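Here's a quick tour for anyone meeting this structure for the first time. Have a look at the sequence and the model, then read on.

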Amino acid sequence: MRTTVALLKCVFGMRIRVTGTPIDSSCWNLIISNHRCEFDWMFLWHLETFVPLERLKIVMKNSLKHIPIVGWSCQLIWMYFLKRRWSDDHKYIQSMVRYLSSDEKKTNTLLFPEGGKYSTLFFPEGTNLTTRSAASSNRYAKNNQLVEFKRVLHPRFLGLHGFIESHRQCETIDNLYDITIGYVGDIPEDGVDILSAGIPPEMHVHIEKYGIDKIPVEPDNIELWLRELWIRKEARLNEFYEEKCKFKGDIVPLPNNIFHDYRLIATSFLQIAMFLYILYHYTLLKLLSLFVIIIHIIGSWLWSSWEWKYVLNNGTL
């Protein structure tokens, strides 16, 4: 993950500008954001200055966990995978939050440093902004007498309610951070676009902090609060794109250690080269790799994912 951040900065020349309130990683945090492009979750790894990546849990689409290597790795580090079907996701969110908030995890400084406190990144819109998703969102708005958006999609409040409710029950939420993302240059909507349009040269992030005591408790009130938040987000993005492509607010400085980034890239490529060399020359490693792949496929087929079976069985495989 850190190698990806280094590649984005050193090879693709991506720059990030942060304004607003820095994220306090010593607390339990829920982070929400608009979903401008399919790779927002990866580009936001730049914020590792505030939230160490080993303590960041990202909420993703359920289908992504089946992607070889990437999806399997995300399962192993306990990312969330939602089906976007409330009848399934509600129980899943409750069980995962309860498990990751258990006393065992809170005191496991090896897996969860600094007392086990972690941050969860969640995109309430459910999908990224495209021509098709924007049209669908505005049809929903028209049918429900809501404001039509241009820069964002109408958020789905049930997922946010599920996370807030579950964390409140476990007493593992201190703050909610709202992130607004804006890009300069061409914005890739999917994997095909990123091959043609490339990586955006600049990413702008504005962060606002809300104490959990400021967030409503009742679902209907959470829905209203989230809707009003997204109206303000739409206005902020209109101002961003129509003026100088900069968010207003205090600039949050980020470290820029180029030597460290290049060293990380070189070390990672050396490790990959060594692994491929050994894999090519040693049959035992080939068999072991094949065995691991088969186990992951069987696990996904039988139990949807390994981490979900682990949680359902109270931590026992």
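**A first look around**

The buried residues of α1 are T3, V5, A6, L8 and C10, where "buried" means under 20% relative accessible area, exposed is over 50%, and partly exposed is in between (1.4 Å probe, protein chains only). What we have here is a predicted model, so local features need pLDDT of at least 70 and side-chain atom pairs count only at pLDDT 80 or more, while totals for chains, interfaces and linings use all residues. Residues are numbered from 1 along each chain as its sequence is written, and side-chain values use heavy atoms, with hydrogens and water left out. Helices (H or I, at least four residues) and strands (E, at least two) are DSSP runs, numbered from the N terminus.

**Helix α1 and the pocket**

- The cover over the buried residues of α1 includes α2 (40-43) and α10.
- α1 (2-10) also gives two or more residues to the lining of the second largest pocket, as do β1 (15-20) and α10 (258-281).
- A pocket is an open set of points on a 1 Å grid over the protein atoms alone, with protein on both sides within 12 Å along at least five of seven lines; a cavity is a set where a 1.4 Å probe fits but cannot get out, and lining residues have an atom within 4 Å of a point.
- This second largest pocket has a volume of about 410 Å³, a volume being the space filled by probe spheres set on the points, which are joined across faces, edges and corners.
- Its lining has 17 residues, and K9, P255, N256, N257 and D261 lie nearest the centre.
- α10 supplies the largest share of that lining, with four residues.

**The sheet**

- Eight strands make an open sheet in the order β4-β3-β5-β2-β6-β7-β1-β8, with mixed pairing; two strands count as paired if DSSP finds at least two bridges between them.
- β4 (80-82) and β8 (251-252) stand at the edges with a single partner strand each, so one side of each has no neighbour in the sheet.
- Helix α7 (residues 157-170) packs on the sheet, touching β2 (29-33), β3 (56-61), β4, β5 (119-122) and β6 (175-184); contact means heavy atoms within 4.5 Å.
- The direction of α7 makes about 165° with that of β5, using lines fitted to C-alpha atoms (for helices, over the stretch in contact) and angles from 0 to 180 degrees between N-to-C directions.
- β1 and β8 pair antiparallel over two bridges, and T19 has I251 in β8 as its bridge partner.
- β1 and β7 run parallel, joined by six bridges; here R15 is partnered with E202 in β7.
- β6 and β7 run antiparallel, with ten bridges between them, and N175 stands opposite G211 in β7.
- Strand β7 (residues 202-211) is mostly covered, with seven of its ten residues buried.

**A buried spot: I93**

- I93 sits in helix α4 (residues 86-100) and is buried, with a relative accessible area of 0%.
- Leaving out residues up to four places away in sequence, I93 touches L82, W86, G159, G162, F163 and S166.
- I93 and G162 are 69 residues apart in sequence but 6.6 Å apart in space, C-alpha to C-alpha.

**The cavity**

- The largest cavity has a volume of about 70 Å³.
- Its lining consists of I23, I31, L44, L47, E48, V51, L53, L56, L121 and I179.
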